[in-house]
Protein chains: 2
Amino acid sequence: MQLFGNRESGHSYKVSLALWLAGIAHQYIEIDLGMAREARPEPFRSLAKYGEVPLLVHAGQPFVQSNAILLHLAEHSGVLGGETPERLDRVREWLFWEANRIGFSLPNLRYGLKFIDGGLAPAVEAMLRERLASDLARLEAELGDGRAFVLGDAPTVADVSLCGYLYWPEQAGISVPPAVQAWLKRIASLPGWRHPYDNRA
Amino acid sequence: MQLFGNRESGHSYKVSLALWLAGIAHQYIEIDLGMAREARPEPFRSLAKYGEVPLLVHAGQPFVQSNAILLHLAEHSGVLGGETPERLDRVREWLFWEANRIGFSLPNLRYGLKFIDGGLAPAVEAMLRERLASDLARLEAELGDGRAFVLGDAPTVADVSLCGYLYWPEQAGISVPPAVQAWLKRIASLPGWRHPYDNRA
């Protein structure tokens, strides 16, 4: 497998993290997102129709959209939630929640604060902060019952997806509530875990 | 199967539409979203942990998150994209794009214009309009190559999801570009199709 990603992309990190936790050997290729799309190297330019990371190439086929890639990896590897159809149903509910909720509010807030000159318009920042507070409150309520991971005792790609931007709380100017914090530490203690800025080959 | 939904929810409409197009018999129960969550009728109140529609009950199990339900239906029925694992991989890419892009920008813009007194803050409305314009441009570019549906000659739950709020363009104050418009007409001519406000039992 080949993964084309970028170290500043939490969406790329999700896929890297799933590969590390599942122990799947792969080649990682960093894509410079500052480079114009038409100048990016092949085969990335041809395979990623919209020039977006992450792009996974598996058995010659390109896969895009981080959460779709996570489902593919879970099914392919039979771990991290891919063990049974019933478990995959629950994983998918969380992945779609992520895509529409904390996978929107948090990356867009962080992007605005870190990468946009002058930051976000105040009303937009307020809207993103309000949504993110609601998203974190839901995660906190879920994890507050003492379970280890979102679907119980074992981690799944739902955990991998949900934590994608949460190892950078300072970049979004947020504080992480205690049950979510404890869950992030449990994920970080899993064999194979790395921080998004860990750039070992 | 039982579907708990609301006629003003495009997310509910997606699931209704998939059931109609796939010819799956089901009972539809309208949930009054103006009613406090704790006052909503059983079994909805117990089964929908966050009180959200749509909720599908299948073989006694509850399923939430419209796009996750669509995948479940596609796999269960073997139609609308559930025919092969390879086709499901492509369907999922579109469903996650939808959840993060046009399934965020369009419902939130419509909601602000139709249901929030005084409307959205101007900067928030501008942000949503800008994202939606980009989302519609991508769909227009995809469908502009003459294909009938997003994954080719046959409709899938990706079409069902993407069109969820697009039969209400006037409610979001948008005009729909021509290739998208033609695609919406093709979906509307499929056997079993209904408009979201069609409330026949």
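**Figure 1. Overall fold of chain A.** Chain A contains eight helices and four strands, where helices (H or I, at least four residues) and strands (E, at least two) are DSSP runs numbered from the N terminus. The structure is a predicted model, in which local features need pLDDT of at least 70, side-chain atom pairs count only at pLDDT 80 or more, and totals for chains, interfaces and linings use all residues. Residues are numbered from 1 along each chain as its sequence is written, while chains are lettered from A and ligands numbered from 1 in the order in which they are written. Along the sequence, the elements of chain A follow the pattern β-α-β-α-β-β-α-α-α-α-α-α. The radius of gyration of chain A is 17 Å, close to the 17 Å given by the globule rule for 201 residues, so chain A is as compact as a globular protein of that length. This radius is taken over C-alpha atoms, and the globule rule is 2.2 Å times the number of residues to the power 0.38. Along the principal axes, the C-alpha atoms of chain A fill a box of roughly 45 × 45 × 30 Å. Of the 201 residues in chain A, 39% are buried, a residue being buried if 20 or more other C-beta atoms, placed from the backbone, lie within 10 Å of its own.

**Figure 2. The two domains of chain A.** The domain assignment, automatic or from a database, gives domain 1 (2-77) and domain 2 (85-188) in chain A. Their centres, taken over C-alpha atoms, are separated by 21 Å. Twelve residues from domain 1 of chain A and 13 residues from domain 2 of chain A form the contact, two residues being in contact if their C-beta atoms, placed from the backbone, lie within 7 Å. On the domain 1 side, helix 1 (10-22) and helix 3 (66-77) of chain A are the elements that give two or more residues. Helix 1 of chain A provides the largest share of that side, seven residues.

**Figure 3. Helix 3 of chain B and its surroundings.** Nine of the twelve residues of helix 3 of chain B are buried, so this helix is largely enclosed by the rest of the structure. Among the buried residues are Asn67(B), Leu70(B), Leu71(B) and His72(B). The buried residues pack against helix 4 (85-100) of chain A, and also against helix 1 (10-22), strand 3 (55-58), strand 4 (61-63), helix 4 (85-100) and helix 7 (157-162) of chain B. Just after helix 3 of chain B, Gly78(B) takes a positive phi of about 70°.

**Figure 4. The contact between chains A and B.** Chain A and chain B contribute 20 residues each to the contact. On the chain A side, strand 4 (61-64), helix 3, helix 4, helix 5 (102-115) and helix 6 (122-143) each supply at least two residues. Helix 4 of chain A gives the most, with seven residues. The chain A side divides into twelve nonpolar, five polar and three charged residues; Ala, Val, Leu, Ile, Met, Phe, Trp, Tyr, Cys and Pro count as nonpolar, Asp, Glu, Lys and Arg as charged, and the others, Gly among them, as polar.

**Figure 5. Relation between the two copies.**
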